[in-house]
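My notes are below the structure.

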Amino acid sequence: MASGEEDGTVEEKETNNKKRTKGAIATAWLTFYNIAMTAGWLVLAVAMVRYYLQKGTHKGLYRNIARTLKFFQTFALLEVGHCAIGIVRTSVIVTGVQVCSRIFMVWFVTNSIRQIQNEESVILFVVVWTITEITRYSFYTFNLLNHLPYFIKWARYNMFIVMYPLGVIGELLTIHASLPYVRRSGMYSLRLPNKYNVSFDYYYFLIIVMLSYIPLFPQLYFHMLRQRRRVLHGEIVVEKDE
Ligand SMILES: CCCCCCCCCCCCC[C@@H](O)CC(=O)SCCNC(=O)CCNC(=O)[C@H](O)C(C)(C)COP(=O)(O)OP(=O)(O)OC[C@H]1O[C@@H](n2cnc3c(N)ncnc32)[C@H](O)[C@@H]1OP(=O)(O)O
């Protein structure tokens with residue numbers, strides 16, 4: 001029996017061919033992207049373990065891995081693009097909040113304020129992010145290759161239950177530790193009078209960022225709990241249009 005495609009008009013066939021090509025290109029790109037990201041976070045993990053074994057302290061660890069961390073975390077901005085052009089079935093808003101908050105932590109907090117780089121809280125969130133991302137990107141890679149080991153699927157949809165709160169604690173403690181330096185230095189702030197007639201206080205901005213975790217984090221966490229029910233328990237989860 002002829003398939004629907006064989007029966008279709010030339011236009012239908014062209015549309016189907018286009019869809020297939022877009023699918024193949026998107027899959028190839030995502031496979032490359034996920035392999036590169038898994039490798040990047042693995043490099044980071046190895047660098048952290050080596051540093052700690054050699055020096056026996058976490059002091060100086062952040063500076064040692066800063067370039068790699070900044071590179072791979074910033075590269076994750078592409079994920080917002082993946083959602084926007086529809087090659088992954090994820091909400092742009094959920095992904096945007098997750099990626100932007102991380103980029104903000106890396107560039108505008110940890111990287112900008114040298115005095116806090118040796119805080120234990122920095123190591124906490126960097127270690128938690130690293131474990132999470134190695135699991136997440138290897139999950140996507142094996143999934144795309146249709147060879148997903150169950151323990152990676154299990155880890156992807158269970159570890160976040162503990163890792164997410166731990167990461168948030170690390171991030172909030174780091175922002176909190178930065179407050180006195182920000183207040184003293186007046187960094188990234190704009191005081192009146194100035195030619196733009198605008199004032200901005202980075203110290204209060206950071207406090208607002210900390211407070212914004214209260215409404216935003218539960219949404220990300222519950223999103224992941226719904227994904228967990230869908231993927232591990234096969235439940236049909238109806239999500240609001242985010
Ligand atoms: C300017 C200042 C802003 C300040 C804002 C301050 C507010 C901050 C509040 C937020 C706090 C966040 C803190 C955070 O940084 C702390 C941590 O991360 S700690 C470490 C623990 N973290 C986690 O476990 C992260 C969990 N979150 C995520 O995984 C993602 O970020 C999330 C976007 C939530 C993922 O959700 P998603 O919907 O994508 O879930 P899935 O993985 O199940 O994917 C859904 C489907 O899409 C496919 N997909 C997605 N990405 C890819 C890809 N790269 N390649 C291939 N396929 C992909 C996936 O396979 C699923 O497909 P299907 O539906 O067919 O199964």
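**Conventions.** I number residues from 1 along each chain as its sequence is written. The model is predicted, so I note that local features need pLDDT of at least 70, that side-chain atom pairs count only at pLDDT 80 or more, and that totals for chains, interfaces and linings use all residues. Helices (H or I, at least four residues) and strands (E, at least two) are DSSP runs, numbered from the N terminus.

I then sorted the shell by class, where Ala, Val, Leu, Ile, Met, Phe, Trp, Tyr, Cys and Pro count as nonpolar, Asp, Glu, Lys and Arg as charged, and the others, Gly among them, as polar.

**H6 and H8.** For packing I used axes that are lines fitted to C-alpha atoms, for helices over the stretch in contact, with angles from 0 to 180 degrees between N-to-C directions. H6 and H8 pack at about 150°, with their axes 8 Å apart. That angle makes H6 roughly antiparallel to H8; angles under 35 degrees count as roughly parallel, over 145 as roughly antiparallel, 65 to 115 as roughly perpendicular and the rest as oblique. Residues are in contact if their C-beta atoms, placed from the backbone, lie within 7 Å. On the H6 side the contact includes Phe125 and Trp129, and on the H8 side Phe160 and Gly167 are among the residues. By class, this contact has twelve nonpolar, five polar and one charged residues.

**H5 and H8.** The axes of H5 and H8 come within 11 Å and cross at roughly 20°. The two helices are therefore roughly parallel to each other. Met105, Val109 and Thr110 of H5 meet Glu171, Thr174, Ile175 and Ser178 of H8. I count these by class as three nonpolar, three polar and one charged.

**H5 and H9.** Here the axes come within 11 Å and cross at roughly 120°. That makes H5 oblique to H9. Val94, Val97 and Gln98 in H5 meet Leu216, Leu220 and His223 in H9. This contact has four nonpolar, two polar and no charged residues.

**Record spans.** An unreviewed UniProt entry lists residues 32-53, 157-182 and 202-222 as "transmembrane region"; such annotations may be inferred rather than shown by experiment. Residues 32-53 are 100% helix and 0% strand, with end C-alpha atoms 32 Å apart. For residues 157-182 I get 88% helix and 0% strand, with end C-alpha atoms 37 Å apart.

**Backbone.** The peptide bond from leucine 192 to proline 193 is cis, with omega near -5°. Proline 193 is in the loop between H8 and H9. Asparagine 146 is not a glycine but has a positive phi of about 60°. I place asparagine 146 in the loop between H6 and helix H7 (150-156).

Conventions: Contact = placed C-beta atoms within 7 Å.
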